[in-house]
Amino acid sequence: MEVSYNFTFEKFDYKTNYKEQSKLFKESFPSVIGTSTESYEHYLWKFHSLNKIPKSYEYIVKYESELVGYYAAVPISYNIDNKIIETALVCDVMTSPKVRRQGLFTKLGNYSLNDLIKNNLNFTLGYPTDRHVMLAHAKAGWKNHFNLPLYIKFIKFNSFLKKFNLNFLSLFINIPYSILNKIYELLIFRDVLKVDKLTTNEFISHKGLEKFVNQFNKSHLITLDKSKNFFKWRLSIPNKKYNIHLVHNNNNILGCAITLKTLRSNIPVLEIVDIIAVENIYKTIKSLIFDIKKYSCNMDVDAII
């Protein structure tokens, strides 16, 4: 525990303080209200179901006994030059609107990072999407090493045009766009491999999964260590149904893609969560992309991202 003026920094005990954390979570991220992400089940999945010790690192700051800040990280492993490196993925960092612009975000970040160092974690990482959050992280020593691009493949334009009250144009745009896509597919996707659809349980129990992950790790200098335990955790988010697209031959996996139907800015999309290949890479990736495209047409989505 650490005390600064009327602020108290300490480790978070969810069994006694979860209701306060949940209230702050919804204040900080109002877009989660009414979704499964605001549920207790989702919280337990994220911070208390990973098969690691500890399962998570959680810290809070209180102002006169009221919880006004929260900082959490999940332990994950990276494979760097064929060595397992323990790290922490920082997520769900928040401060109450009542105490903002007092440097509290930075102080809570420093308090949390100092404790993470004591737990022999090599580095922290995260994916903040808000510029102000990134600036606050930078004050605690974070650096932006690279930007992550977002690629979009439209299937139809109904929801997108509706946002601008131009949905009456969708028919005139969708039909020629679809025809052009068909021509493109005939030219590009003439020779593709067979792709099977698996449930998450079938994928996790696949006899070739461990070999597939090891092959991928050895062929790259830096990779997220996607072990069977990691996939069990990552693909078990409450109320989420993941689709597994697999190119395999008996017990040998050549490549896989993981997709999820979701909403982005109120537009129904098919999100590519992951896509990797270890053999015949170009053809395997091309086959997976073509299968995702075909699958999306049956999922009533407007785009693939």
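Visitor: In which loop does Pro54 lie?

Guide: In this predicted model, the peptide bond that runs from Ile53 to Pro54 is cis, with omega near -10°. As for its place in the chain, Pro54 lies in the loop between α2 and β3 (57–63).

Visitor: Which strands stand at the edges of the open sheet of 6 strands?

Guide: The order of this open sheet is β7-β13-β12-β11-β10-β8, and its pairing is mixed. Two of these strands have a single partner strand each, so one side of each is left without a neighbour in the sheet. The strands at the edges are therefore β7 (153–154) and β8 (196–198).

Visitor: Which residue of β11 stands opposite His245?

Guide: Strand β10 (residues 242–249) and strand β11 (residues 252–264) run antiparallel and are joined by 8 bridges. Across this pairing, the residue of β11 that His245 faces is Ala257.

Visitor: What angle does the direction of helix α10 make with that of β12?

Guide: Helix α8 (residues 209–218) packs on the sheet, where it touches β11 and β12 (267–277), and its direction makes about 90° with that of β11. Helix α10 (residues 281–297) packs on the sheet as well, touching β7, β8, β10, β11, β12 and β13 (303–304). With the direction of β12, that of helix α10 makes an angle of about 160°.

Visitor: How many residues separate the partners of the salt bridge between Glu185 and Lys293?

Guide: A search of the whole structure finds 12 salt bridges, one of which joins Glu185 to Lys293, with the closest N and O atoms 2.9 Å apart. Glu185 belongs to helix α6 (residues 170–188) and Lys293 to helix α10, so the pair links distant parts of the chain.

Visitor: How many charged residues are in the lining of the largest cavity?

Guide: The count comes to 1 cavity of 30 Å³ or more, and about 90 Å³ of space lies in the largest cavity. Its lining includes Tyr18, Phe25, Glu38, Lys46 and Asp92, while α1 (14–28) and α2 (40–48) each supply at least two residues of that lining. By class, the lining has 4 nonpolar and 5 polar residues, and the number of charged residues is 3.

Visitor: What is the phi value of Asp92?

Guide: Asp92, one of the residues that line the largest cavity, is found in strand β5 (residues 83–95). Its phi is positive, in a residue other than glycine, with a value near 55°.

Definitions and conventions:
Residues are numbered from 1 along each chain as its sequence is written. This is a predicted model: local features need pLDDT of at least 70, side-chain atom pairs count only at pLDDT 80 or more; totals for chains, interfaces and linings use all residues. Side-chain values use heavy atoms; hydrogens and water are left out. Two strands pair if DSSP finds at least two bridges between them. Helices (H or I, at least four residues) and strands (E, at least two) are DSSP runs, numbered from the N terminus. Contact means heavy atoms within 4.5 Å. Axes are lines fitted to C-alpha atoms, for helices over the stretch in contact, and angles run from 0 to 180 degrees between N-to-C directions. On a 1 Å grid over the protein atoms alone, a cavity is a set of points where a 1.4 Å probe fits but cannot get out, and a pocket is an open set with protein on both sides within 12 Å along at least five of seven lines; lining residues have an atom within 4 Å of a point. Grid points are joined across faces, edges and corners, and a volume is the space filled by probe spheres set on the points. Ala, Val, Leu, Ile, Met, Phe, Trp, Tyr, Cys and Pro count as nonpolar, Asp, Glu, Lys and Arg as charged, and the others, Gly among them, as polar. A salt bridge is a side-chain nitrogen of Lys or Arg within 4 Å of a carboxyl oxygen of Asp or Glu.
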